[in-house]
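Subject: Structure handover

Hello,

Here is the structure I said I would pass on. Please open it beside this message, and read the notes below with it in view.

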Amino acid sequence: MGIKILHTADWHIGKQLLKVDFSDDMDLFFEWLIKTIKDNNINVLLMSGDLFDQANPSQAAMKQYYSFLKQLLPLKCKVILTGGNHDSPHVINAPKELLEILEIKVVGGVPDNISELFVEIEIENQKVVVAAIPFLRDKDIRNALPGESYEDKIELIRSGIANYFSNVNEYYVTNHKGIPFIVMAHLFAQGATISESEREIQIGNQAGVEVTIFGDSPSYVALGHIHKPQIVGQSHIRYSGSPIQLSFSEKDDHKEVVILELQGDKFDISSIEIPKFRKLIRLEGTLDEVKQRLESYTTESPLTDLIELLIEEEDENIAHIRMLEELLTAEAQEGFQILKGRIAFKNKLVGTSVLLKSGEDIGDYNPIQLFEKRLEQDDSLENTEELIFAFKEILEKIGDSTSIE
């Protein structure tokens, strides 16, 4: 049996989606991951950046991270972890010396010496070498020039990234040639499919790199940053994706980890799907249609499903807007919580022109009369006299006494 390696990335510990805390999701993922490492006899765990969701993670997020590492120790699985664009290099590197004693290698930011990126692993007379490259920040790869244009900056970033990876390959050839080689990287590779949950990376992804920068030396490229699992360019260049759905744009993604097994000097590459601990659902239709689906909604998820509502109605109606607001502010129901929603009208009232008949002019009416005309447009409203009275009070307070008759 060859060395077995598990590639994952983009954990985003501490993530919240519209104030819904994903810590329970991460606990369930870590529980699943520990079991997967044990069941598959994994020797090495690679985590390619964005360990945390914030550069300054909360105490709860830090505790969750260290709790996972503690659970991992009895499995004798080596860990190599890099910083991503969400991470602070200082936070990741703070416990570096202590973690190394536990065979946990962390590279939060670009080190002074390129040799510090390299980890050589030997298990039962087999060797693998890993270049643990963190997110490359602008200052790491180029010198800013006075008066440079936006286009110049983008091109300099691209060339800086390419030069860095060229130096990594050169170091590998000089010092480790012949040993199966894995490169870890946290960046945007051109051709990758992104979702709305990826924070802008190197000027809005415009500095995305061609996969050719990785060269011919690596047997596998373990990418992070893009949350959808995917192959980019060649079968050995992969994003493992995030382990949980981090936004509604990821609702249909099948999350996974990638498994590498060394056979001779090549890797057999496969993946294992991660179970969904909660669903992110988008319901579309009229208010009545959506309400019916909510009333009959059932789920087997261990955690509360999160729902986004996209409502479309024929005619603009204040009552419909109010009904949506009531749904959005309601308490979580059994098995689901409505997290966000919006409403669109096919026939939308625009301005005051829709209130006036042909030949009428807005100057012929005072504000109270225009307000009354607007109320007449919506037969769902009750207590219109109270609304008119309240409107008059508002006008009085802003000093528009000429409009009160």
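Asp253 counts as buried, because its relative accessibility is 7% and the cut-off for buried is under 20%. Bear in mind throughout that this is a predicted model.

Salt bridges

Which residue does the side chain of Asp253 meet in a salt bridge? The partner is Lys255, with 3.6 Å from N to O. Lys255 also counts as buried, at 4% relative accessibility.

A search of the whole structure finds 13 salt bridges. One of the others is between the side chains of Asp252 and Lys251, at 3.0 Å from N to O. Asp252 is exposed, with a relative accessible area of 57%. Another joins the side chains of Asp140 and Lys139, at 3.3 Å from N to O. Here Asp140 is partly exposed, with a relative accessible area of 24%, while Lys139 counts as exposed at 67%.

The chain as a whole

The chain has 405 residues, and buried residues make up 49% of them. It contains 10 helices and 17 strands. The accessible surface comes to about 20800 Å², and carbon and sulfur atoms account for 46% of that. Take the contacts between residues at least 6 apart in sequence: 71% of these join residues at least 24 apart.

Nonpolar cores

The largest nonpolar core has 52 residues, and Phe165, Leu187 and Phe214 have the most contacts inside it. Several elements give two or more residues to this core, including the strands S4 (44-48), S7 (118-123), S8 (126-132) and S9 (181-186). Strands S10 (220-224), S12 (234-239) and S13 (256-263) are also among them, as is helix H6 (150-176). H6 gives the most to this core, with six residues.

What does Phe165 touch, leaving aside residues up to four places away in sequence? Its contacts are Ile133, Leu136, Val183, Ala185, Leu187, Ile213 and Phe214. Apart from this core lies another, of 42 residues, and Leu33, Tyr65, Leu99 and Ile104 are among its members.

Aromatic pairs

A pair of aromatic rings is described by the distance of the centres and the angle of the planes. A search of the whole structure finds 13 aromatic pairs. In one of them, the rings of Trp11 and Phe29 have their centres 6.1 Å apart and their planes at 70 degrees, so this pair is edge-to-face. Trp11 sits in the loop between strand S1 (4-8) and strand S2 (16-17), and Phe29 in helix H1 (residues 23-39), so the pair ties together parts that are 18 residues apart in sequence. Are these two residues buried or exposed? Trp11 is buried, with a relative accessible area of 1%, and Phe29 is buried too, at 0%.

Phe118 and Phe181 make a second example: their ring centres are 6.0 Å apart and their planes are at 10 degrees, so the pair is stacked. This pair links distant parts of the chain, with Phe118 in strand S7 and Phe181 in strand S9, 63 residues apart. Phe118 counts as buried at 10% relative accessibility, and Phe181 is buried at 0%.

Trp11 and Phe29 turn up again in an aromatic cluster, together with Phe30, Trp32 and Phe68.

A nonpolar patch on the surface

Leu73, Leu98, Ile101 and Leu102 make a nonpolar surface patch of about 400 Å². Of these residues, Ile101 lies in helix H4 (residues 96-101). Ile101 is exposed, because its relative accessible area is 68% and exposed means over 50%.

If you want a place to begin, find Asp253 and Lys255 and the salt bridge between their side chains. Then go to Phe165 and look at its contacts, among them Leu187 and Phe214. After that, compare the edge-to-face pair of Trp11 and Phe29 with the stacked pair of Phe118 and Phe181.

Regards

Notes:
Residues are numbered from 1 along each chain as its sequence is written. This is a predicted model: local features need pLDDT of at least 70, side-chain atom pairs count only at pLDDT 80 or more; totals for chains, interfaces and linings use all residues. Side-chain values use heavy atoms; hydrogens and water are left out. A nonpolar core is a set of buried Ala, Val, Leu, Ile, Met, Phe, Trp, Tyr and Cys residues joined through side-chain atoms within 4.5 Å. Buried means under 20% relative accessible area, exposed over 50%, partly exposed in between (1.4 Å probe, protein chains only). Helices (H or I, at least four residues) and strands (E, at least two) are DSSP runs, numbered from the N terminus. Contact means heavy atoms within 4.5 Å. Patches are made of residues with over 30% relative accessible area and no salt bridge: like charges are joined within 9 Å, nonpolar side chains (Val, Leu, Ile, Met, Phe, Trp, Tyr) within 5 Å. Accessible areas come from the Shrake-Rupley method with a 1.4 Å probe; for residues, only the protein chains shown count as cover. A salt bridge is a side-chain nitrogen of Lys or Arg within 4 Å of a carboxyl oxygen of Asp or Glu. Rings of Phe, Tyr and Trp (its six-membered ring) pair if their centres lie within 6.5 Å; planes under 30 degrees apart count as stacked, over 60 as edge-to-face and the rest as tilted.
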